[in-house]
Amino acid sequence: MTVAAVSRVQYRPKLLLFAAAAVVLMLLALLPPYIGLYQTQLLTYGLIAAIAALGFNLLLGYTGLLSFGHSAFFGVGAYSVAFLLRDAGIHSMELYILIGLPIAAVISALFGYICVRHTRIFFGILTLALSQVLWTLAYKFFWVTGGSDGLRVARPTLLAGMLTFTGGGSFQRFINAYYYYVLGVFAICVVIMWVIVHSPFGKALQAIRDNETRAAFLGLRISRFRWVSFLISGTFTGLAGILWVPLNGLTTPEVMYWPFSGEIVFMTLLGGFRNFTGPIVGGVLFTYLKTYAVATTEYWQLLLGVVLVLLVMLLPTGIVGAISAVAGKLRPREKSS
Amino acid sequence: MILLETVDLSKRFGDLRACDDVNFTVNKGEFLSLVGSNGAGKTSLVNLISGHLKPNSGRILFEGQDVTFAAVYERIKAGIARSFQISREGKIARIAALADHILVVVRKRRETFDVLGRFGLNGKSSVPAGGLAQGERKLLDVAVAYALRPKLLFLDEPTSGVSTREKTQIMDTVSSVVRAGAVTAVVIEHDMDVVFRYSDRIVMMHEGRFLADGTPEEIKANNDVANILLGVPLSA
């Protein structure tokens, strides 16, 4: 078989997948007029959470490292935007992203450099500790960060100032426009992450996850791969923070606090960390779950806790994992190679 | 020309001397077999040279460079590689396609198919490694290590657990690929028929030391070897 022939065989299922992804993207793009403003806003939050979880899962699902400090990168993204607005007077969303991303990347690189020297629980504790340092800074240096009051962020301009949101009805226009903006960024993130995990680099990460010793004998520099993975992961989550703050209008130290790291872990477990789409589904579902839990009961943390316990006991591979397992059983057995 | 040299290399596990002042030389281009009963120290020696174990004393010189305490990736960069058994790996290794196993190492698709082609595995590039016959999986183990483009390749029991007929096929493929690529190979092997048939030189280990070192003919004629391996002298 020639190289071309082999490649063609391999790419056919991918084409199907791209078609499915395009259909989902189309459906998401068509939704806003039907679901109304509130649901559009909620879905935007969901997509942003999905980006954060997608980044997080590069570490957990593909590299086998459980970070308990990803709130730090989300917070760095959010506070970067707040500082850029307050101290530099920048209003452009594109500039927020262009400047905020390198900042998130630098912090990720720094934290990663320290953390990837260890694995398992030691790695988790280190990420937790470092993120708590950032939280403390945000909380205590109130003359810089506003302390527990946080920093307000006005609506930015989109697409290099082509879209501005002032005057009457600007809230509605912003929510609608921002939904499509986030959807666009989300789609780009999904494509980039897909390429990363299916590249030789991504395969190497999985080889390291499964057997470090053997991976070392494949000539892979284990800690360097883990570090780059950490860097990419943190930057994605930082991007989510950048996108989140204009929608929320305010950033507080809460986004750096460890329970938010826990929420990112929750999202990923909810969707399933052994699937590419797991964290995406998990991020969106968690946003809805939490919003409705908070609206329904005073004891919403209890409700989420019960969901988490049931999830771990009944669906350890997450929702997407369970669905694909069922689909795998229903599918007629054509070939079992 | 000497490719690899160990100087008084020792490794102890408690009281057990896995390698006891071993002075091992490998010449460029040879196909060398490392033989000996279980626990003789063969695998320990390979683990020391490939960097899986750190020695208690002694030095390892590769092309004149001291690599005794070099990191695994540095040794691989220098040209020392070893095979690993995929059958003992985690789930991803079993469900990953053959091409992916090589792709992780070489990073380029064209080179991947070149390596698979050399081992006659091109037709199965998209088959999961777990779905291969035992013999093919053994070839894949070797192919992964070969993909690192080593100068010196260690193969730990490349034919264990396969039928006699398959052994010949595997060794024919392995030895021809290795010789065609001018790769020096050190093979740990138990089957003496295979050893005598394919080796340029045979080194025999016993209790952490070298007992014999020579061509297949010399080893066949060595009574000590027969004593250790078979329990009886050949010419008794």
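**Labels and the values behind them**

Modeller: Ring pairs link Phe73(A), Phe111(A), Phe123(A) and Phe230(A) into a cluster, and please keep in mind throughout that this is a predicted model.

Biologist: How many aromatic pairs are there over all chains, and why is the pair of Tyr113(A) and Trp227(A) called edge-to-face?

Modeller: A search of the whole structure gives 20 aromatic pairs over all chains. For Tyr113(A) and Trp227(A) the ring centres are 6.0 Å apart, and the planes stand at 75 degrees; since pairing asks for centres within 6.5 Å and edge-to-face for planes over 60 degrees apart, the pair is therefore edge-to-face. This pair links distant parts of the chain, with Tyr113(A) in helix H4 (residues 93-115) of chain A and Trp227(A) in helix H10 of chain A, 114 residues apart.

Biologist: What makes Tyr113(A) and Trp227(A) partly exposed?

Modeller: Tyr113(A) has a relative accessibility of 48% and Trp227(A) a relative accessible area of 30%, while buried requires under 20% and exposed over 50%, so Tyr113(A) counts as partly exposed, and so does Trp227(A).

Biologist: What angle and distance make Phe119(B) and Tyr146(B) an edge-to-face pair?

Modeller: Their planes are at 75 degrees and their rings 5.5 Å apart, centre to centre, so the pair is edge-to-face under the cut-offs of over 60 degrees and within 6.5 Å. Phe119(B) lies in the loop between helix H5 (109-118) and helix H6 (134-146) of chain B, whereas Tyr146(B) lies in helix H6 of chain B itself, so the pair ties together parts 27 residues apart in sequence. Both Phe119(B) and Tyr146(B) are buried.

Biologist: How do you know that Arg117(A) lies over the face of Tyr113(A)?

Modeller: Arg117(A) is placed at 4.3 Å from the ring centre of Tyr113(A) and lies over its face, where the rule asks for a distance within 6 Å and a position within 35 degrees of the ring normal. Arg82(B) likewise lies over the face of Phe217(A), at 5.2 Å from the ring centre.

Biologist: What makes helix H8 of chain A mostly covered?

Modeller: Nine of the 11 residues of helix H8 (residues 200-210) of chain A are buried, among them Lys203(A), Gln206(A) and Arg209(A).

Biologist: Which residues are closest to the centre of the second largest pocket, and how does its lining divide into nonpolar, polar and charged?

Modeller: The second largest pocket has a volume of about 960 Å³. Of the 32 residues lining it, Phe260(A), Glu263(A), Phe286(A), Lys290(A) and Trp300(A) are the closest to its centre. The lining divides into 22 nonpolar, seven polar and three charged residues, and H11(A) gives the most, with nine residues.

Definitions and conventions
Residues are numbered from 1 along each chain as its sequence is written. Chains are lettered from A and ligands numbered from 1 in the order in which they are written. This is a predicted model: local features need pLDDT of at least 70, side-chain atom pairs count only at pLDDT 80 or more; totals for chains, interfaces and linings use all residues. Side-chain values use heavy atoms; hydrogens and water are left out. On a 1 Å grid over the protein atoms alone, a cavity is a set of points where a 1.4 Å probe fits but cannot get out, and a pocket is an open set with protein on both sides within 12 Å along at least five of seven lines; lining residues have an atom within 4 Å of a point. Grid points are joined across faces, edges and corners, and a volume is the space filled by probe spheres set on the points. Helices (H or I, at least four residues) and strands (E, at least two) are DSSP runs, numbered from the N terminus. Ala, Val, Leu, Ile, Met, Phe, Trp, Tyr, Cys and Pro count as nonpolar, Asp, Glu, Lys and Arg as charged, and the others, Gly among them, as polar. Rings of Phe, Tyr and Trp (its six-membered ring) pair if their centres lie within 6.5 Å; planes under 30 degrees apart count as stacked, over 60 as edge-to-face and the rest as tilted. Buried means under 20% relative accessible area, exposed over 50%, partly exposed in between (1.4 Å probe, protein chains only).
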